[in-house]
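Please take the sequence and the coordinates together and follow the chain from a single residue out to the whole fold.

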Amino acid sequence: MADTSANSLKAQYQRPDNIPFPADNLYSAEKAQLGKMLFFDQRLSKNFNMTCATCHNPSLGWEDGVPGAFGGQGKFLDRHSPTILNMAWSDSFFWDGRSPTLEDQIRGPVESPNEMNISMDEVVERLSKVNGYQEMFQRVFPGAGITGDGIMKAIATYERTLVSGTAPFDRWVMGDEQAISESAKRGFEFFNNGAGCSECHTGWNFSDNKFYDIGLSSADEGRITVTGNAADKHAFKTPGLRNIQQRAPYMHDGSMKTLDEVIIHYIAGGTPRPSRSDKMIVRPMTPQQITDLRSFLESLTGEDQPVSLPILPY
């Protein structure tokens, strides 16, 4: 009976067979390659000192390894850069969900005065002077030329191809009982039955794509600034857990350096206040349960291939 239960749980976290792309921005290899070039091109920042990879570093789980993102104007930002892994399965973007599409999200950091600090029109003007880009945009977007819309669609297409690699956990789900430790197996069971983690961290990417106040002491008011709904005060998006070992520090403000700190926060239930999610309750755990839970989370780190840098046209 326990075996059936475990298999039923495993089925909820199976890797998908393909990447979903929206009908108005379908995949092509050339579009993804163009997007990759733009992702790593400093011409998308006013002072030629940032790229998308500045805050979304492939060596750091596609985050940046610091509590608050480092802006292009020499200023640390209040929020930690979220990973862009597995964004093809997300339905809103930024920690507060203010962008409804990945395409729309791209405009945010490019035009933010504290980040790349350049208008999309100016980016178009710069790239339009580059013969190589003229030729590529003409092939990918026939008749349209270089446009802000095309830039955002190309980068979004590339970002949707960034999928975390097969992890030991995935091999276990597929039937390899030796792929993860007994501690990780116990941690998976506890993750789903007892620890409360699976109430929000659901599906193969371990995120329900919803927003919660988890009782962090940060003054950042989160999603309420988008919706105006009092229930969204201090609420932030549930992050996926894939490749979580590579993505410290944790939380929207990067306030926690280790997975143990994160687990301990959930044990305590967070800061009580009217907006705190009712899912946040005190959840006592034994030292062994904490170890098992951490072992399970560590089993979610995939075997990713090195990312080659594109040759940019000049």
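F206 is buried, because its relative accessible area is 0%; buried means under 20%, exposed over 50%, and partly exposed in between, with a 1.4 Å probe and protein chains only. F206 sits in the loop between α9 and β1, where helices (H or I, at least four residues) and strands (E, at least two) are DSSP runs numbered from the N terminus. The phi of F206 is near 60 degrees, a positive value in a residue other than glycine. Most residues other than glycine have a negative phi, and most peptide bonds are trans. The model is predicted: local features need pLDDT of at least 70, side-chain atom pairs count only at pLDDT 80 or more, and totals for chains, interfaces and linings use all residues. Residues are numbered from 1 along each chain as its sequence is written, and side-chain values use heavy atoms, with hydrogens and water left out.

A positive phi also occurs at F48, near 55 degrees. F48 belongs to the loop between α2 (29–39) and α3 (52–55), and it is partly exposed because its relative accessible area is 44%. Another backbone feature is the cis peptide bond from A248 to P249, with omega near 0 degrees. P249 lies in the loop between β2 (236–237) and α11.

The helix α9 (residues 182–192) has eight buried residues out of eleven, so it is largely enclosed by the rest of the structure. The buried ones are S183, A184, K185, G187, F188, F190, F191 and N192. Just after α9 comes G194, with a positive phi of about 130 degrees. In α11 (residues 259–268), the buried residues are L259, V262, I263, H265 and I267, and their cover includes α12 (287–298). G269 follows α11 and has a positive phi, near 90 degrees.

R223 is placed in the loop between β1 (211–212) and α10 (224–227). R223 counts as buried because its relative accessibility is 17%. Apart from neighbours within four places in sequence, R223 is in contact (heavy atoms within 4.5 Å) with D96, G97, R98, F211, D232 and A235.

Next comes the open space. The second largest pocket has a volume of about 330 Å³. Of its 16 lining residues, W62, D304, Q305, P306 and V307 are the closest to the centre. A pocket here is an open set of points on a 1 Å grid over the protein atoms alone, where a 1.4 Å probe fits, with protein on both sides within 12 Å along at least five of seven lines; lining residues have an atom within 4 Å of a point. Grid points are joined across faces, edges and corners, and the volume is the space filled by probe spheres set on the points. The lining has seven nonpolar, seven polar and two charged residues, with Ala, Val, Leu, Ile, Met, Phe, Trp, Tyr, Cys and Pro counted as nonpolar, Asp, Glu, Lys and Arg as charged, and the others, Gly among them, as polar.

Finally, the chain as a whole. The secondary structure comes to twelve helices and two strands, in the order α-α-α-α-α-α-α-α-α-β-α-β-α-α. Buried residues make up 54% of the 314 residues. Of the contacts with a separation of 6 or more, 67% join residues 24 or more positions apart. The C-alpha atoms fill a box of roughly 65 × 45 × 30 Å along the principal axes.
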